[in-house]
Amino acid sequence: MAELFETGVWDGEHKLAIRICAGGIPSNSLSLSRLLQAKGFVIDKDTVSAWSIETTIDDNGDILFIGPDFEGQSLDEVCSNNKRKGFYALLEVSRAFLVIEKQHSSIPCPPSSGILINREMQEDGGTVLILPPELAQRAFHSREQGARSSSAAFLRSPRAEGYAAGAAFLLAQLVYRTASGQSAYSIEQEGQDMAQGSFIPLCERCPELDAGLARTVDETLHKPQTDDLARLASALQVASSAGWYRELSPEEESNRTRQLAVSQMKLSNRKRREAFWRSKKNLVAGIGACCALILVFALSLADARRRKPNYSELSPSELVVTYYRAVDALDIDSIEACAER
């Protein structure tokens with residue numbers, strides 16, 4: 001998929017622009033004004049500065065939102081080209097996310113293509129640009145839908161609430177893809193898989209990856225929580241100190257292929273069971289409703305029987321009163337019981 005941003009010379013100066021394809025801009029002037037006012041952030045260690053749109057240009061129907069220059073490449077590109085550099089970039093982005101979370105926790109999480117790392121970034125740190133999330137989202141969605149299959153992208157977990165959880169979920173996806181070369185969730189059922197936490201654990205797909213990092217990624221993908229962002233940042237830091245990978249034992253090495261096959265079979269069986277119960281949910285709901293009605297009727301009948309008087313203990317005057325009440329209510333059982341008494 002094409003980058004969300006591009007560089008060029010406008011008005012004699014080198015600038016960075018976000019391209020939104022034709023038709024991706026709302027006709028509502030208030031919406032356009034909000035996009036123009038959207039802020040991005042440049043994070044250099046603990047220092048945060050704003051990145052703002054300076055002007056817009058129409059380019060054959062597309063709109064270029066132009067702002068200050070930034071020499072860098074997208075996080076997607078860094079992670080795709082080199083695993084180790086990708087891991088260091090993710091470590092730096094996790095730190096940037098923590099800084100943003102403390103100061104601007106109300107902003108939405110951007111797509112990974114809307115996060116830029118400066119080209120001079122070394123293993124000891126670098127500068128991160130987070131493009132205005134609203135603009136980056138609009139640019140992402142203005143692309144063809146098929147582009148989702150080739151981008152790391154922009155998957156939002158229905159279980160993630162708030163900026164920190166959303167950022168942690170994005171990072172976990174990127175670590176998973178960088179380590180394994182593939183997405184955690186299938187393209188065809190990504191929304192359903194995310195909602196149900198259906199994926200092959202990274203610790204089983206890539207057992208050579210630092211075990212603590214893989215475990216944290218798996219837990220975050222299953223159900224992202226607010227504190228997972230800090231946990232992921234810590235796990236990435238620990239893994240970087242250990243060189244990202246651990247040496248597998250001979251037994252782990254020999255079991256690698258077999259364990260992955262078992263995991264794939266378990267995941268496939270689980271999806272089939274879930275699909276079966278989803279197809280039968282109306283039937284199950286109907287049976288449950290019938291059982292509930294039967295239970296209510298049985299309890300009501302038992303309660304009514306408990307409320308009936310013990311005719312053998314009634315005095316003659318009480319029996320006469322009970323008889324006439326039964327006649328008024330047309331309670332045949334009570335009438336017959338009184339007559340027998």
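Two strands are counted as paired if DSSP finds at least two bridges between them, and in this predicted model strand E3 (residues 39-44) and strand E4 are joined in the antiparallel sense over 6 bridges. Within that pairing Ile43 stands opposite Val48 of E4. The hairpin of E3 and E4 has 2 residues between the strands, and in this hairpin Lys45 takes a positive phi near 55 degrees.

Strand E8 (residues 115-118) and strand E9 (residues 127-130) form an antiparallel pair over 3 bridges, in which Leu116 has Leu129 of E9 as its bridge partner.

Two packed helices are described by the angle between their axes and the distance between the axes. Helix H3 (residues 83-103) packs with helix H5 (residues 163-180) at an angle of about 180 degrees, their axes being 10 Å apart; because angles over 145 degrees count as roughly antiparallel, H3 is described as roughly antiparallel to H5. Among the residues that meet here are Phe87, Leu90, Val93 and Phe97 in H3 and Ala167, Leu170, Leu171 and Leu174 in H5. By class, the residues of the contact of H3 with H5 comprise 13 nonpolar, 2 polar and 2 charged.

Helix H5 also has a contact with H9, where the two axes come within 8 Å and cross at roughly 35 degrees. On the H5 side the contact is made by Ala164, Ala167, Ala168, Leu171, Ala172 and Val175, and on the H9 side by Asp228, Leu229, Leu232 and Leu236. The contact of H5 with H9 has 9 nonpolar residues, no polar ones and 1 charged.

Confidence is highest in helix H9 (residues 228-241), at a mean of 95, and lowest in helix H13 (residues 332-340), at 57. Over residues 145-153 the pLDDT is below 50, although this stretch has 21 contacts in the model beyond near neighbours in sequence. Where pLDDT is low, the predicted coordinates should not be read in detail.

Key
Residues numbered from 1 in each chain as written. Predicted model: local features only at pLDDT ≥ 70, side-chain atom pairs only at ≥ 80, totals over all residues. Heavy atoms only, no water. Helix = DSSP H or I, 4+ residues; strand = E, 2+ residues; numbered from the N terminus. pLDDT = per-residue confidence, 0-100. Contact = heavy atoms within 4.5 Å. Axes fitted to C-alpha atoms, helices over the stretch in contact; angles between N-to-C directions. Parallel < 35°, antiparallel > 145°, perpendicular 65-115°, else oblique. Nonpolar A, V, L, I, M, F, W, Y, C, P; charged D, E, K, R; others polar.
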